[in-house]
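Thanks for making time this morning; I would like to walk you through one model, going from the overall layout to a few individual residues. Please have the viewer open as we go.

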Amino acid sequence: MGPDAHRPAPPQPRLGKALAFLGRRFFRAWLLYLLVGAGLVAGTALYFAAGGIIPGSGLAWLGIGLVWGQAFVVFRLWTKMVFFSAQAEYALGERE
């Protein structure tokens, strides 16, 4: 085995396939990502609007603020999962 035996294949074939996919369905994919992004912006605006209601003092309010902050972290992770799953479903749907 030579020094190049474990080197991964160059990305050109995969890049070409990705560009061909986007060339065929660019606006559909773009709209899908815009919709998910708009949901993220709406959820973030709701988070900050509701977070402004929570006062800054008191132990109970501290607990509520911590739970609210963790809910936002979960929301952001969920949004990433929606982005990835939408991309995968869209790509798999194009294959069939």
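This is a predicted model: local features need pLDDT of at least 70, side-chain atom pairs count only at pLDDT 80 or more; totals for chains, interfaces and linings use all residues.

Let me start with V36, which sits in helix α1; helices here are DSSP runs of H or I with at least four residues, strands are runs of E with at least two, and both are numbered from the N terminus. Residues are numbered from 1 along each chain as its sequence is written, and side-chain values use heavy atoms, with hydrogens and water left out.

V36 is buried, with a relative accessible area of 13%, where buried means under 20%, exposed over 50%, and partly exposed in between, computed with a 1.4 Å probe on protein chains only. If we leave aside neighbours within four places in sequence, V36 is in contact with T79, V82 and F83, contact meaning heavy atoms within 4.5 Å. From V36 to F83 the C-alpha distance is 6.8 Å, although 47 residues separate them in sequence.

Stepping back to the whole chain, the protein has two helices and zero strands, and of its 96 residues 10% are buried. Of the contacts with a separation of 6 or more, 67% are between residues 24 or more positions apart. The chain exposes about 7,900 Å², and carbon and sulfur atoms supply 72% of that area, the areas coming from the Shrake-Rupley method with a 1.4 Å probe, and for residues only the protein chains shown counting as cover.

Now to the aromatic side chains: how many aromatic pairs does a search of the whole structure find? The search returns eight, where rings of Phe, Tyr and Trp (for Trp, the six-membered ring) pair if their centres lie within 6.5 Å, with planes under 30 degrees apart called stacked, over 60 edge-to-face, and the rest tilted. Y33 and F83 make a tilted pair, at 5.9 Å centre to centre and 35° between the planes. Because Y33 lies in helix α1 and F83 in helix α2 (residues 59-95), this pair ties together parts that are 50 residues apart in sequence. Both partners are partly exposed, Y33 at 30% relative accessibility and F83 with a relative accessible area of 23%. There is also one aromatic cluster, formed by Y47, F48, W68, F72, F75 and W78.

Further along helix α2 we find Y90, which counts as buried at 17% relative accessibility.

Finally, is F27 buried or exposed? F27, in helix α1 (residues 12-51), is exposed, with a relative accessible area of 59%. Together with L22, F26, W30 and L34, F27 makes a nonpolar surface patch of about 530 Å².

Technical notes
Patches are made of residues with over 30% relative accessible area and no salt bridge: like charges are joined within 9 Å, nonpolar side chains (Val, Leu, Ile, Met, Phe, Trp, Tyr) within 5 Å. A salt bridge is a side-chain nitrogen of Lys or Arg within 4 Å of a carboxyl oxygen of Asp or Glu.
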